[in-house]
Amino acid sequence: MRRSVRDSRSLARPYRDLVWLAYLVLPPSAGEERRLVLAHRLAAAALARHRGRDQARLRRTVLRRALRARILPWSGRLARLEVVPATTRGADAAFTEELMALRPGARAAYALLRLEGRPAGEVATILAGARVADPGGALAEVAALEGRFGDGAAAMFRPSSDPTLARCYGRLPGGRPRARLVAGAVTAALAAAVTVAVVFGTPEVVAVGAAGEPPVPAAVSAAPGAWRRGTELDLSTWEPRGALTRDAALVGRALRAWGRRTGQLLYAGRVDGAAVVLARDGEQVARYTEAGGPGRLEVFPAPRARPGGAPPLTLRVTAAGSRYLVPPWVRELSAAPLAGRSPAWRPVGIEGGVTAPVTVPVPAAGGRCLRGPVLRLRAPEIAPGLPYTMLDLGGISPAEARYRPPEGGPLDGFGVWKGLGCAAEWPAGGAEVAAAWEFWRGALPEGARGRWICLRLADARGGSMVRGVLFSTARGRTSALRTGGRSGTWDCSRLRRDVVAGAWWRAPSGRHYYVAAGSRGVARITLDGRTTPGPYAVTRTRVAALSAASEPGEEVAVLR
């Protein structure tokens, strides 16, 4: 017995790798359940035949069979078990969608290259041995995919569903629900899935309704005041709010539209003439709205708890304004538009956790300026109890707004945010953190003054976008110039504190100058081989290359 257990454990890693390989290569059109079952069957059959003696041969065998698999249509209505991947990470959903759009050979290359960590040469050999056309092209597709998601994508993103962990939903004869199933109750069609339980632990089993009936979705809820009994102030501690939290039919429709059998209920109620349900499942939040017609479902990455304060969730946006569901510990909220010389804060009422409508000025026709609102929240029971500021950029929740002034500069960043509202590009899906760093302030040619901003937007998936904006003031008039940017980097964050930017700038006289400026740690700037000490350089000649270095001689990131 001990030897058999030891043998099973020795097969665990190869088995996992083979399941991943088959699961990613099988056609997505087959559906997650059929792909999962077939992937386990292919992996188990290959291990039983070869006993793990030649790892490359095992992978060639599984890969060839997955590529040749013909999957017939199947409704699954008569199955006594439904098996789906147990782990779903919403943060990787966009990456997974693009990965599954690649050719099967490229998906196989990704599994071998990233999930198993094999070198590119070995991957190409395995692909060629499995008769994959153009192994080099398959590797190139993987590189192009990761390039679209920015630096560090190879380490940051993974497929959103894990086929090596199975969740089983069972319907037993006679309509008797069972919360736990033993191996003997599993149908022969899912015998391979039992291997998962033996090698990796018992799959999670969820009780369902009577035989032949679809499972009834049901929500779970955090206990009232749960946030007071722990130290993690995240969505898992939000108790459900709203007048319709006991409307099982409404909540069931929301979960069914989302394709979930359960989820954490955050809100269910009526908002400006519509029934709205907010639910959470892991790293995703769904907003379901019924407004006199078919229900509308929107799914977002769940906002994470932030050191600067938890964000509210957007319930509904209408012509009357935006309404938010605030964290249960927030007691005060004020709002202001990005307009005027200083923020015109006005208190916003909160009833049952839901705010009164928050309105902002409508931009002029054809204008693309961001007008906010800017929100100021306060939770006096959470130390230190100070107000924190958020900026509504769209999406499910406002972004934490941070402003970092230049050395010795004023801490008030309202003017910077107002200027960025018309000068920057704002992502349609919103952001989790919006940070504006005024990294340089000084004189420009012909008596003008300049302020250079690095705007960093980070989303809940871990992605980032950095943009440079130069504000120049001359003869009492201020103008903004976008000066390049990058995506998926550490630029303008605590992990990379120095930056330099360069751009062609038009002076009041109409002359054009190439100006470059850097943060305080930039010791020298080089334009086409000509080095200027300090964090500022200017020229009127054509510039092909811009670089910069800090005092220790380290290269500094460039926005141009």
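Contact here means heavy atoms within 4.5 Å. The structure is a predicted model, in which local features need pLDDT of at least 70, side-chain atom pairs count only at pLDDT 80 or more, and totals for chains, interfaces and linings use all residues. Residues are numbered from 1 along each chain as its sequence is written, and side-chain values use heavy atoms, without hydrogens and water.

**A helix pair**

Helices (H or I, at least four residues) and strands (E, at least two) are DSSP runs, numbered from the N terminus. In H6, Ala-120, Val-123, Ala-124, Leu-127 and Ala-128 meet Pro-135, Ala-138 and Leu-139 of H7.

Helix H6 (residues 120–129) packs against helix H7 (residues 135–148) at about 130 degrees, and their axes lie 9 Å apart. H6 is therefore oblique to H7. Axes are lines fitted to C-alpha atoms, for helices over the stretch in contact, and angles run from 0 to 180 degrees between N-to-C directions. Angles under 35 degrees count as roughly parallel, over 145 as roughly antiparallel, 65 to 115 as roughly perpendicular and the rest as oblique.

**A sheet**

An open sheet has 3 strands in the order S25-S24-S27, with antiparallel pairing. Two strands pair if DSSP finds at least two bridges between them.

| Edge strand | Residues |
|---|---|
| S25 | 530–533 |
| S27 | 546–550 |

Each edge strand pairs on one side only. Neighbouring strands are turned by 25 degrees against each other on average, direction ignored. S24 (residues 522–527) is joined to S25 by 4 bridges, and Arg-524 has Pro-533 in S25 as its bridge partner.
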